[in-house]
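Please consider the sequence and the structure shown here.

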Amino acid sequence: MALDRVPRRVGVVGYGRLGQSLVSHLLTQGPELGLELVFVWNRDPGRMKGSVPPSLQLQNLAALGERHPDLVVEVAHPKIIQESGAQILRCANLLVGSPSALADQATEHQLLEASHHWNHAVFVARGALWGTEDITRLDAAGGLQSLRVTMATHPDGLRLEGPLAAVPSTGCRTVLYEGPIRGLCPFAPRNSNTMAAAALAAPSLGFDGVVGVLVADLRLLPAPLQAGDPSLLRSRLFP
């Protein structure tokens, strides 16, 4: 049953697997949830052809304010948050689906400043990090002394950059990185978002105190994030 209130206007930035699923759900189920899809933007607009109604296709991200969104959901790439996050906050609340972008201190500072200046909230998707609330409660109570997050995936599921891309695999299981999450995110932006969410959930440790371990394991089946993963929408506000 449709909610008896003005629907919240939602824009989606990114039209990969996750973006496609979100758009599909918003088009079919949005009205029942009190949500209205007002635009979809993708770096390659050709990907939207034939699946996103032309009236919803936003060609220029800088023009998103013309659609008057209440919330913009980013499911594209950390670079979008780094390049356009503060500008998005001029117009709407922002749900960051690529929290590895916040490992860059300048980006985090810009978002916090823009959030306070324009009175718009920044939400961070917890993604696959189950237990986020427990981590946050323990941290707030002063009981969290250390946190270590290990992510293992088949090499085909890795999207590495810089020096990590040149690390050779040795045997079935290779530890590609072990250390502060801040040092990992720039070189594995697509494979460190869950770790970044952990760093944000534990601000007393943060990106420099939470340890991330990235493992390439040939014994695992390639398992990209499945479209429609509901965990993306379970988010926590980090002021």
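Serine 192 touches Ser100, Leu184 and Cys185, where residues up to four places away in sequence are not counted and contact means heavy atoms within 4.5 Å. Serine 192 lies in the loop between α5 (181-184) and α6; helices here are DSSP runs of H or I with at least four residues, strands are runs of E with at least two, and both are numbered from the N terminus. With a relative accessible area of 0%, serine 192 is buried. Buried means under 20% relative accessible area, exposed over 50%, and partly exposed in between, with a 1.4 Å probe and protein chains only.

This is a predicted model, in which local features need pLDDT of at least 70 and side-chain atom pairs count only at pLDDT 80 or more, whereas totals for chains, interfaces and linings use all residues. Residues are numbered from 1 along each chain as its sequence is written, and side-chain values use heavy atoms, with hydrogens and water left out.

Threonine 107 belongs to helix α3 (residues 105-118). This threonine 107 is buried, its relative accessible area being 3%. Its contacts, again not counting residues up to four places away in sequence, are Ile81, Gln82, Ala101 and Leu102. The side chain of threonine 107 also makes a polar contact with the side chain of aspartate 104, at 2.7 Å. A polar contact is a pair of N or O atoms within 3.5 Å; within protein, one must be able to donate a hydrogen and the other to accept it, and residues adjacent in sequence count only if both atoms are side-chain atoms.

Strand β7 runs antiparallel to β8 (residues 211-217), and seven bridges join them. Within this pair, valine 175 stands opposite valine 215 in β8.

Finally, the cysteines. Cysteine 91 is partly exposed, at 32% relative accessibility, and cysteine 172 is partly exposed at 45%. The count of disulfides is zero, a disulfide being a pair of cysteine sulfur atoms within 2.5 Å.

Notes. Two strands pair if DSSP finds at least two bridges between them.
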